[in-house]
Amino acid sequence: MSRVVLSIGSNLGDRMARLQAAVDALGDRVVAVSPVFQSDPWGGVEQGPFLNAVIVAEDPSLDGADWLDFAQRLEREADRVRGQKWGPRTLDVDLITVHNEANPDSPEEFSRSDGLTLPHPLAHLRAFVLIPWLAADPDAWLTVAGVRRTAVHLLDQIDAAERAGVHRFDAELHGPDQKA
């Protein structure tokens with residue numbers, strides 16, 4: 001059984017519909033879905049705000065490479081165009097961490113090859129990842145530079161102005177056991 005933490009975001013088109021489609025595609029594999037947050041764009045490219053959320057999911061048959069294939073398929077289905085780095089996108093699905101067991105305290109999968117970098121190398125620097133992740137899993141942790149750190153600690157290290165740029169949005173995503 002593997003457990004994945006996915007960060008999803010959109011700033012083009014019907015942003016909520018695109019995020020909900022990602023949740024729907026996971027179906028019964030969804031363990032937790034964060035509230036939706038609106039955030040300022042990250043990376044210095046002039047563009048509109050993003051809607052962001054985090055999904056925690058489990059599947060006994062998937063490893064990191066399989067989760068990456070799944071994430072990329074979701075992006076293709078949302079007509080994601082890979083153009084400008086950190087530019088606008090219909091849907092962005094990032095693997096933050098993959099655990100090789102359903103237990104969130106189990107060892108993380110580490111990868112630095114084949115287009116798959118785990119854990120995500122920049123997640124600890126992004127308030128738009130950490131804030132929703134903590135809302136979905138208050139005990140979340142991530143290994144950074146070989147050291148296991150709580151997401152609370154990592155968020156405290158981010159500049160207050162960036163944290164202030166992430167606001168709760170007034171719409172919710174619905175998991176498989178919830179009605180819209």
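S111 sits in strand 6, which spans residues 111-113. The model is predicted. S111 has a relative accessible area of 11%. The cut-off for buried is under 20%, so S111 counts as buried. Leaving aside residues up to four places away in sequence, S111 touches L116, T117 and L118. Between S111 and G64 there are 8.2 Å in space, C-alpha to C-alpha, against 47 residues in sequence.

Now the helices. Helix 1 covers residues 15-26 and helix 2 covers residues 64-77. How do the two run relative to each other? Their axes come within 11 Å and cross at roughly 140 degrees. Helix 1 and helix 2 are therefore oblique to each other. Their crossing is right-handed.

Which residues form the contact? A22, A25 and L26 of helix 1 meet W67, F70 and L74 of helix 2. By class, the contact has 6 nonpolar residues, no polar and no charged.

| Helix | Residues | Contact residues |
|---|---|---|
| Helix 1 | residues 15-26 | A22, A25, L26 |
| Helix 2 | residues 64-77 | W67, F70, L74 |

Two of the helix 2 contact residues deserve a separate look: W67 and F70. The structure holds 1 aromatic pair. The ring centres of W67 and F70 are 6.2 Å apart and their planes stand at 90 degrees, so the pair is edge-to-face. Both residues, W67 and F70, belong to helix 2 and lie 3 residues apart, about one turn of the helix. Are W67 and F70 buried or exposed? Both W67 and F70 are buried.

Terms used. Residues numbered from 1 in each chain as written. Predicted model: local features only at pLDDT ≥ 70, side-chain atom pairs only at ≥ 80, totals over all residues. Heavy atoms only, no water. Axes fitted to C-alpha atoms, helices over the stretch in contact; angles between N-to-C directions. Helix = DSSP H or I, 4+ residues; strand = E, 2+ residues; numbered from the N terminus. Parallel < 35°, antiparallel > 145°, perpendicular 65-115°, else oblique. Left-handed = near helix turned anticlockwise from the far one by under 90°. Contact = heavy atoms within 4.5 Å. Nonpolar A, V, L, I, M, F, W, Y, C, P; charged D, E, K, R; others polar. Phe/Tyr/Trp six-rings, centres within 6.5 Å; stacked < 30°, edge-to-face > 60°. Buried < 20%, exposed > 50% of the residue type's maximum accessible area, 1.4 Å probe, protein only.
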